[in-house]
Structure formats: structure tokens, C-alpha cells
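Please read the numbered points with the sequence and the model open.

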Amino acid sequence: MAQSKVPLEDPLHSDLNEIISAASRSADITRQLLAFARCQPVVPKVIDLNDTVEGTLNMLRRLIGEDIDLVWRPAKHTWPVKIDPSQVDQMLVNLCVNAQDAIDGVGKITIETGTVVLDDQSCAFHPGFVPGQFVTLAVSDDGCGMDTETFGHVFEPFFTTKDTGKGTGLGLATVYGIVKQNNGLIDVNSEPGQGTTFRVYLPQYAGAVDGQSEAAKTEPRRSEGQTVLIVEDEVAILRLGQMMLESLGYHVLAAASTTEAIASAENHAGQIHLLITDVVMPEMNGRDLAARLQKLNPELRVLYMSGYTADVIADHGVLEDGVHFIQKPFSHQELAARVGEALS
Ligand SMILES: Nc1ncnc2c1ncn2[C@@H]1O[C@H](COP(=O)(O)OP(=O)(O)OP(=O)(O)O)[C@@H](O)[C@H]1O
Ligand SMILES: [Mg+2]
């Protein structure tokens, strides 16, 4: 919001850019930690794998340290894939940490993307492989490699060759879980002393690319004068949400509790078009609040906001279709887009 008030040539503009990227980096790391602890709903998106990998390179470089060279070889062309980008980050972190552990001192880790069409013949040699068009993500290292015994167990949960307290043996089990959840495949090549390559195959996304949210990214949707009731028990987020909505031209009623929200809805003379509510709140959850307010006003649209799977609306880790949802933390543009969708 501050940035939109500062002209592009003002030096403050680039300072604000730094603040934005530091904040979104922090948000990403929090997302990764939540994903690791499985406290986060999976939100698959159609992505270009090269872009997603590029976004993690700085973090991976910091993670593996200066003795190891991180080489990035993006494919010239990839196909779109549909996966939660934080799951790509999570796979890369686990594979790179393993590669780092396998390297004694100085070495090299290579991350590579590519495309491959698997036919019946090529699948015949790989148990579990199915024909199709895939985008590949490979992580190779020139470390110690694996013997046959280790090779046969790598994906088993709690299988580790590391000392007690060093490895839990969950890294590759997590990667395997993510691959399976996204209907992908994974294979390993390794020889003792010859290094290791893990290659993940993600199915090409064949559906139409979601153009609407792309358009929303560039041109935030503005209000047509509707009234929005926002309910959030964390006051800082409530104020921020209110400011964002007002700057988009909405008339905003803000409530810091469900009791306040109900009172405010009952006392408001005009129509309320949209309820934006947190899901987990102390007195009443967001869904019950929505049901209660919809009794007063059956036309009321609802947009849920939250950060966790523990939420009532999350089903098997993936949100139900048709429920309007925004993941916290959100940007001004994301909020504009989600509110526009919920109202249209
Ligand atoms: N790049 C690699 N090179 C050599 N061995 C590997 C490599 N990646 C994994 N391994 C072997 O596979 C085992 C299992 O890996 P996994 O990531 O599942 O667990 P971990 O690294 O031991 O522990 P955690 O990842 O939970 O901290 C490792 O202990 C190691 O023996
Ligand atoms: Mg590991």
C-alpha cells in the first residue's frame, strides 16, 4: 500500500521493494515449516517448474554452504505442472540436504529440469512407472553414493544410515509422499563412490491454464461499492485487512470477535454483501458464524481466510471445491482477486 503512494523514481520505492521481499521470504519459510509439520493445506497451482526452482536457489545456497557448488540447469522448455509450490521447495530442501551430507568437504550438487515422454517400453524397465508426459526435476551429487543395501531402503520411513540424533530417516519418505500425492514417479541412480541422482517425474498439466488469477495479478479488481464484514481476532491482521479493502473502495465493517460480528450485522441498516472470516476463533468457528449470518441474509457471500489444515474447512489436506478461501498471509492483490471472485 505504501508503495502505491510513492512514485517509481523515488529511492523509497526500491527500499519498500526490499521490505516486501524480506517479508515474503519470511512468509515462505514459515509456510515451509508448517508444510513440514503437515499443518498446512495443500494448495496445488499450475506452475512453471523452472520459476519455482529459481525462487528457491538462494535459500538452497545458504543451506548447503560455500564448499559445495550448486549448479542450476533449467530445461529450455518445460510443460506446466500442477503442484503446491511449497511442496517443490520441500522436495528440493530434503534432496539437497541429503546430497550435502553425502559430500565430504568440497563437491557439487546439480539441479536440473527436463521433459520426458514415457512409453510402454521405457516403463517396462521401471517397476511402478506408467506411460505419459512428465516434467522432471533431478538433484545429483558427486558424494559417497550408496551400496545396494542402502539403495533398497531409501524411501522407507525412519530408514537412516546417519548417527542417532543426526538423521530421522524421514527426508526421502516425505519426498516420496509428495511425489505420490501429485501422481508422480521417482527414481534413483547411485553407485558407491560415484555419487547419486534422484529424479522426480511430475505429470504434465493438461488442463487450461488459469488465466483469471494471472489477470488479477496485474490489475487488482476494485469494488462496486459493496459492503464487506471482516472478522479476525488478531487485531493487526484485522486492521491491515480493513485498510486493504478500503483502499479497493469497499465499505468495511470490522469485527475482532464473532460476538462483535453478529452485533455489527444486526445493527447494520444496509446490505452486507460479503463476509470475510478467519476460520478458527475462540468463541465460534468461521463456518458456524457464516451459517448464523446467512440466516439473517441468505444472499451473503463468504470468503474464509486461514493458515492451517487443522481448520474445519480443510478436508484430507486439500480444500473443498467451491469454497472461497485465502491463505494467510496474503498480499493486497491476492485479497483483491479473491474478494472479486467471491462476489462475482
Ligand atoms: N544423496 C545421497 N547420497 C548418498 N546416500 C543418500 C543420499 N540421499 C539419501 N541417502 C541415504 O538414504 C538414507 C535416508 O535418507 P532420508 O533423507 O530419508 O533420511 P536421513 O537423511 O537419514 O534423515 P533426515 O532426512 O530425516 O534428516 C540416508 O540416511 C542415506 O543413507
Ligand atoms: Mg535426509
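1. Residue classes around the ligand. The shell around ligand 1 has 9 nonpolar, 12 polar and 2 charged residues. In this classification Ala, Val, Leu, Ile, Met, Phe, Trp, Tyr, Cys and Pro count as nonpolar, Asp, Glu, Lys and Arg as charged, and the others, Gly among them, as polar.

2. Basis of the note. This is a predicted model, in which local features need pLDDT of at least 70 and side-chain atom pairs count only at pLDDT 80 or more, whereas totals for chains, interfaces and linings use all residues. Residues are numbered from 1 along each chain as its sequence is written, while chains are lettered from A and ligands numbered from 1 in the order in which they are written.

3. Members of the shell. Ligand 1 is surrounded by 23 residues, the closest being N98, A102, T160, G167 and G171; a residue is near a molecule if its C-beta atom, placed from the backbone, lies within 6 Å of it. At least two residues of the shell come from each of α3 (85–102) and α6 (171–181). The largest share, 4 residues, belongs to α3.

4. Overall make-up. The protein chain contains 11 helices and 14 strands, where helices (H or I, at least four residues) and strands (E, at least two) are DSSP runs numbered from the N terminus. Of its 344 residues, 29% count as buried. A residue is buried if 20 or more other C-beta atoms lie within 10 Å of its own, exposed if 12 or fewer, and partly exposed in between, with C-beta atoms placed from the backbone. Among contacts between residues at least 6 apart in sequence, 69% join residues at least 24 apart; two residues are in contact if their C-beta atoms, placed from the backbone, lie within 7 Å.

5. Which residues of helix α9 (residues 258–267) are buried? They are T258, A261 and A265. These residues cover an arc of only 55° around the axis, which puts them on the same side of α9; the arc is that of the directions from the helix axis to the C-beta atoms. On the other side of α9, T259, A263, E266 and N267 are exposed. The cover over the buried residues includes β8 (227–231), β9 (251–255) and α10 (286–296).

6. Packing of α9 against α10. The axes of α9 and α10 are 11 Å apart, and the helices pack at an angle of about 10°. Axes are lines fitted to C-alpha atoms, for helices over the stretch in contact, and angles run from 0 to 180 degrees between N-to-C directions. The two helices are therefore roughly parallel to each other, a term for angles under 35 degrees. In the contact, T258, A261, I262 and A265 of α9 meet L289, R292, L293 and L296 of α10. These residues divide into 6 nonpolar, 1 polar and 1 charged.

7. Positive phi values. F158, a residue other than glycine, has a positive phi near 70° and lies in the loop between α5 (148–151) and α6. F158 is exposed, with 10 other C-beta atoms within 10 Å. N183, also a residue other than glycine, has a positive phi near 55° and is found in the loop between α6 and β6 (185–190). N183 is partly exposed, with 13 other C-beta atoms within 10 Å.

8. A glycine in α6. G177 is placed in helix α6 and counts as partly exposed, with 17 C-beta neighbours inside 10 Å. The C-alpha atoms of G177 and F155 are separated by 9.3 Å, the two residues being 22 residues apart along the chain.

Methods
Angles under 35 degrees count as roughly parallel, over 145 as roughly antiparallel, 65 to 115 as roughly perpendicular and the rest as oblique.
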